[in-house]
Amino acid sequence: MLGSIPATPMPAWASGMAVGQLAHTEPHGALAEAYRRIALALQSHQPADSPHPWLVTSQGNGEGKTTTVIGLGDALNRIGKKAAMCLREPSLGPVFGMKGGA
């Protein structure tokens, strides 16, 4: 196991936000720190001179794939790494202030 994401109650001001958005909005919080730890653990298992492709998957809908991708992508960005995210449904744009779709 590389790490775990704590169960996080959503603050009242964050109503309507996804958990991954909360990690992006509060970069010094426990949730963002948990994603950073997992991102660093993933990096430590990869050769330094190669791309780092990772697949986030699960058996069904609503199990946290998009939330995980948001959290890991944001954590990588905050530690100075680049991340490209490919999703079946373009639901990440609004999280990062992007407009339009692919």
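**Labels and the values behind them**

Reply: This is a predicted model. To begin with the cavity, the lining of the largest cavity has four nonpolar, one polar and three charged residues.

Me: Which residues make up the lining of the largest cavity?

Reply: Ala23, Ala32, Tyr35, Arg36, Gly71, Asp74, Ala75 and Arg78 line the largest cavity. Helix H2 (30–44) and helix H3 (65–78) are the elements that give two or more residues to this lining. H3 gives the most, with four residues.

Me: What makes the lining come out as four nonpolar, one polar and three charged residues?

Reply: Ala and Tyr count as nonpolar, Asp and Arg as charged, and Gly as polar. The lining holds Ala23, Ala32, Tyr35 and Ala75, then Gly71, then Arg36, Asp74 and Arg78. Sorted by class, that gives four nonpolar, one polar and three charged residues.

Me: How many cavities of 30 Å³ or more does the structure hold, and how much space lies in the largest cavity?

Reply: The structure holds one cavity of 30 Å³ or more. About 30 Å³ of space lies in the largest cavity.

Me: What is the pattern of the protein chain, read along the sequence?

Reply: The pattern is α-α-α. The secondary structure comes to three helices and zero strands.

Me: Why is Leu2 called partly exposed?

Reply: Leu2 has a relative accessible area of 40%. Buried means under 20% and exposed over 50%, with partly exposed in between. The value of 40% for Leu2 lies in between, so Leu2 is partly exposed. Leu2 is in the segment before helix H1 (19–25).

Me: Which residues does Leu2 touch, not counting those up to four places away in sequence?

Reply: Leu2 touches Ile38, Ala41, Leu42 and His45. Leu2 and Ala41 are 39 residues apart along the chain, and their C-alpha atoms are separated by 6.0 Å. In H2, the buried residues include Ile38, Ala41 and Leu42.

Me: Why is Pro6 called partly exposed?

Reply: The relative accessible area of Pro6 is 35%. This lies between the cut-offs of 20% and 50%, so Pro6 is partly exposed. Pro6 is also found in the segment before H1.

Me: What does Pro6 touch, not counting residues up to four places away in sequence?

Reply: Pro6 touches Leu31 and Ala34. The C-alpha atoms of Pro6 and Leu31 are separated by 6.7 Å, at 25 residues apart along the chain. Leu31 and Ala34 are among the buried residues of H2.

Me: Which residues of H3 are buried, and what share of the protein chain is buried?

Reply: In H3, the buried residues are Val69, Ile70, Gly71, Leu72, Gly73, Asp74, Ala75 and Leu76. Buried residues make up 26% of the 102 residues in the protein chain.

Notes: Residues are numbered from 1 along each chain as its sequence is written. This is a predicted model: local features need pLDDT of at least 70, side-chain atom pairs count only at pLDDT 80 or more; totals for chains, interfaces and linings use all residues. Side-chain values use heavy atoms; hydrogens and water are left out. Buried means under 20% relative accessible area, exposed over 50%, partly exposed in between (1.4 Å probe, protein chains only). On a 1 Å grid over the protein atoms alone, a cavity is a set of points where a 1.4 Å probe fits but cannot get out, and a pocket is an open set with protein on both sides within 12 Å along at least five of seven lines; lining residues have an atom within 4 Å of a point. Grid points are joined across faces, edges and corners, and a volume is the space filled by probe spheres set on the points. Contact means heavy atoms within 4.5 Å.
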